[in-house]
Amino acid sequence: MTLEIVANAGSVPWLESFSIGHDRLDHEHRRLIDSFNDFCAFAATTPRPTRLRENAHALIATVEAHFASEEAIFPLIGYRHRLSHMREHLDVGNRLHSLLLNDTGLEPAAAGAAGRLVFVEHILRHDLEVKTWVLHAAGL
Ligand SMILES: [Fe+2]
Ligand SMILES: [Fe+2]
């Protein structure tokens with residue numbers, strides 16, 4: 001249901017169900033969903049492919065910085081699926097490169113929406129799993 005909303009909506013709102021209970025990481029997730037929304041809106045209106053590529057590079061760099069920030073938390077909370085989660089991060093990065101920087105045949109806004117779906121899907125399928133360790137480490 002949530003993924004249907006993400007795949008279809010023009011703009012994806014932050015939902016409480018995305019929260020993994022870690023303030024900084026939730027803030028980064030929220031900001032990145034906003035950035036994907038902004039990218040999609042920009043892609044739908046800009047006639048300038050060079051500007052779009054610059055924005056795509058910046059967005060991917062921000063996603064990769066977030067992954068490094070998230071991975072730094074893993075040992076602090078005793079998270080036991082670090083390596084498989086890090087492999088998922090690599091996969092998301094590769095998929096974003098393919099969607100946003102390669103010629104996929106998609107309209108730029110559709111490619112942005114597909115990239116946003118990849119990112120939100122990762123939060124739902126993998127980052128939410130981390131919540132158990134976040135809460136445990138906080139003594140909750
Ligand atoms: Fe993650
Ligand atoms: Fe994340």
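The four donor atoms around the iron ion (ligand 2) subtend angles of 84 to 167°, which makes the arrangement irregular. Four donors count as tetrahedral if all angles lie between 85 and 135 degrees; four count as square planar and six as octahedral if opposite donors are over 155 degrees apart and all others between 65 and 115, and anything else is irregular. This is a predicted model, in which local features need pLDDT of at least 70 and side-chain atom pairs count only at pLDDT 80 or more, whereas totals for chains, interfaces and linings use all residues. Residues are numbered from 1 along each chain as its sequence is written, chains are lettered from A and ligands numbered from 1 in the order in which they are written, and side-chain values use heavy atoms, with hydrogens and water left out.

Donors are defined as N, O and S atoms within 2.8 Å of the metal (3.2 Å for Na, K and Ca); water is not among the atoms, so sites may look incomplete. The protein donors of each ion are set out below.

| Ion | Protein donors | Distance from the ion | Spacing along the chain |
|---|---|---|---|
| Iron ion (ligand 2) | His29 (NE2), His66 (NE2), Glu70 (OE), Asp127 (OD) | 2.0 to 2.2 Å | H-x36-H-x3-E-x56-D |
| Iron ion (ligand 1) | Glu70 (OE), His85 (NE2), His89 (NE2), His122 (NE2), Asp127 (OD) | 2.0 to 2.2 Å | E-x14-H-x3-H-x32-H-x4-D |

The iron ion (ligand 2) and the iron ion (ligand 1) lie 3.6 Å apart, bridged by glutamate 70. Histidine 66 belongs to helix α3 (residues 49-77) and aspartate 127 to helix α5 (residues 108-137), so this pair ties together parts that are 61 residues apart in sequence. Helices are DSSP runs (H or I, at least four residues), as are strands (E, at least two), and they are numbered from the N terminus.

Both histidine 66 and aspartate 127 are buried. Here buried means under 20% relative accessible area, exposed means over 50%, and partly exposed lies in between (1.4 Å probe, protein chains only).

Turning to the other ion, glutamate 70 coordinates the iron ion (ligand 1) as well as the iron ion (ligand 2). Histidine 89 lies in helix α4 (residues 82-101) and histidine 122 in helix α5, so the pair ties together parts that are 33 residues apart in sequence. Histidine 89 and histidine 122 are likewise buried.

## Overall fold

The protein contains five helices and zero strands, giving the pattern α-α-α-α-α along the sequence. Its radius of gyration is 15 Å, close to the 14 Å that the globule rule gives for 140 residues, so the protein is as compact as a globular protein of that length. The radius is taken over C-alpha atoms, and the rule is 2.2 Å times the number of residues to the power 0.38. Along the principal axes, the C-alpha atoms fill a box of roughly 50 × 25 × 20 Å.

Of the 140 residues, 39% are buried. Among contacts with a separation of 6 or more, 72% involve residues 24 or more positions apart; a contact means heavy atoms within 4.5 Å. The accessible surface comes to about 7700 Å², and carbon and sulfur atoms contribute 54% of that surface. Such areas come from the Shrake-Rupley method with a 1.4 Å probe; for residues, only the protein chains shown count as cover.

## Aromatic pairs

Rings of Phe, Tyr and Trp (its six-membered ring) pair if their centres lie within 6.5 Å; planes under 30 degrees apart count as stacked, over 60 as edge-to-face and the rest as tilted. By this rule the protein has four aromatic pairs. In one of them, the rings of tyrosine 79 and tryptophan 133 have centres 5.1 Å apart and planes at 80°, so the pair is edge-to-face. Tyrosine 79 sits in the loop between α3 and α4 and tryptophan 133 in helix α5, so the pair ties together parts that are 54 residues apart in sequence.

Tyrosine 79 counts as buried at 5% relative accessibility, and tryptophan 133 counts as buried at 18%. Phe74, Tyr79 and Trp133 form one aromatic cluster.

Glutamate 129 is located in helix α5 and is partly exposed, with a relative accessible area of 31%. Not counting residues up to four places away in sequence, glutamate 129 touches Tyr79 and His81.

Arginine 24 lies in helix α2 (residues 23-45) and counts as partly exposed at 38% relative accessibility. Leaving aside neighbours within four places in sequence, arginine 24 is in contact with Ser69 and Ile73.
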